[in-house]
Amino acid sequence: SKLYISDVLKEREMQKQIRDEIEERKLNEERLWHERIMEAVRVGDQEEEKRRQEALQRALHSKQVQLEQLEEFRVKYVTQKREERREGQLIKQRVEAYIEAEKEAEMKKKMVCECWLPYFLGHDFASGRNAKSKADLAGK
């Protein structure tokens, strides 16, 4: 019976030791599992941050391209409007010069007519003589 109790105690001690080892293995496995999960989370966070930075860089590049296009459009628009204004001013100057030339031509024509009118009114072209005297023309 002493042997039996001693055997039971040894058995009990071995079972306790096995339970402790099982518990220690379980804790080690949980710790390793936790470390793997934390590493996976860290890697996932890094990848997400990398994707976010890439998206930000694409957005910044797109914004820069749009700003450059907008500036190019603005410069082109302003240049076109200036050119149109310049053309309008040239057309205006040409029209004004044409009108002025027409007025001068009309005045010269009028002056010629006024100078020659007495001659034409008082001249008999068929006979080549003056039909009326200056006094007759002055009276009319």
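Visitor: Before anything else, what does "buried" mean here?
Guide: Buried means under 20% relative accessible area, exposed means over 50%, and partly exposed lies in between, with a 1.4 Å probe and protein chains only.

Visitor: And how much of the protein counts as buried?
Guide: Of its 140 residues, 1% count as buried. This is a predicted model, in which local features need pLDDT of at least 70 and side-chain atom pairs count only at pLDDT 80 or more, while totals for chains, interfaces and linings use all residues. Residues are numbered from 1 along each chain as its sequence is written, and side-chain values use heavy atoms, with hydrogens and water left out.

Visitor: What is the secondary structure?
Guide: The protein has 2 helices and 2 strands, which follow the pattern α-β-β-α along the sequence; helices (H or I, at least four residues) and strands (E, at least two) are DSSP runs, numbered from the N terminus.

Visitor: Switching to charges, how many salt bridges are there?
Guide: A search of the whole structure finds 6, a salt bridge being a side-chain nitrogen of Lys or Arg within 4 Å of a carboxyl oxygen of Asp or Glu.

Visitor: Which residue pairs with Glu49?
Guide: Glu49 forms a salt bridge with Arg52, and their closest N and O atoms are 2.8 Å apart.

Visitor: Where do those two sit relative to each other?
Guide: Glu49 and Arg52 are separated by about one helical turn, because they are 3 residues apart in helix α1. Glu49 is partly exposed at 35% relative accessible area, and Arg52 is partly exposed at 46%.

Visitor: What about Lys81, which residue does it bridge to?
Guide: Lys81 forms a salt bridge with Glu84, with the closest N and O atoms 3.3 Å apart; both lie in helix α1, 3 residues apart, about one turn of the helix. Lys81 is partly exposed, with a relative accessible area of 38%, and Glu84 is partly exposed, with a value of 38%.

Visitor: New topic: which residues form the negative surface patch?
Guide: The patch is formed by Glu13, Asp20, Glu21, Glu23, Glu24, Glu29 and Glu30. Patches are made of residues with over 30% relative accessible area and no salt bridge, like charges being joined within 9 Å and nonpolar side chains (Val, Leu, Ile, Met, Phe, Trp, Tyr) within 5 Å. Lys and Arg count as positive and Asp and Glu as negative, with His and the chain ends not counted.

Visitor: Take Glu30, where is it found?
Guide: Glu30 is in helix α1, which covers residues 2-122, and Glu30 is partly exposed, with a relative accessible area of 44%.

Technical notes
Accessible areas come from the Shrake-Rupley method with a 1.4 Å probe; for residues, only the protein chains shown count as cover. The place of a charge is taken as NZ of Lys, CZ of Arg, CG of Asp or CD of Glu.
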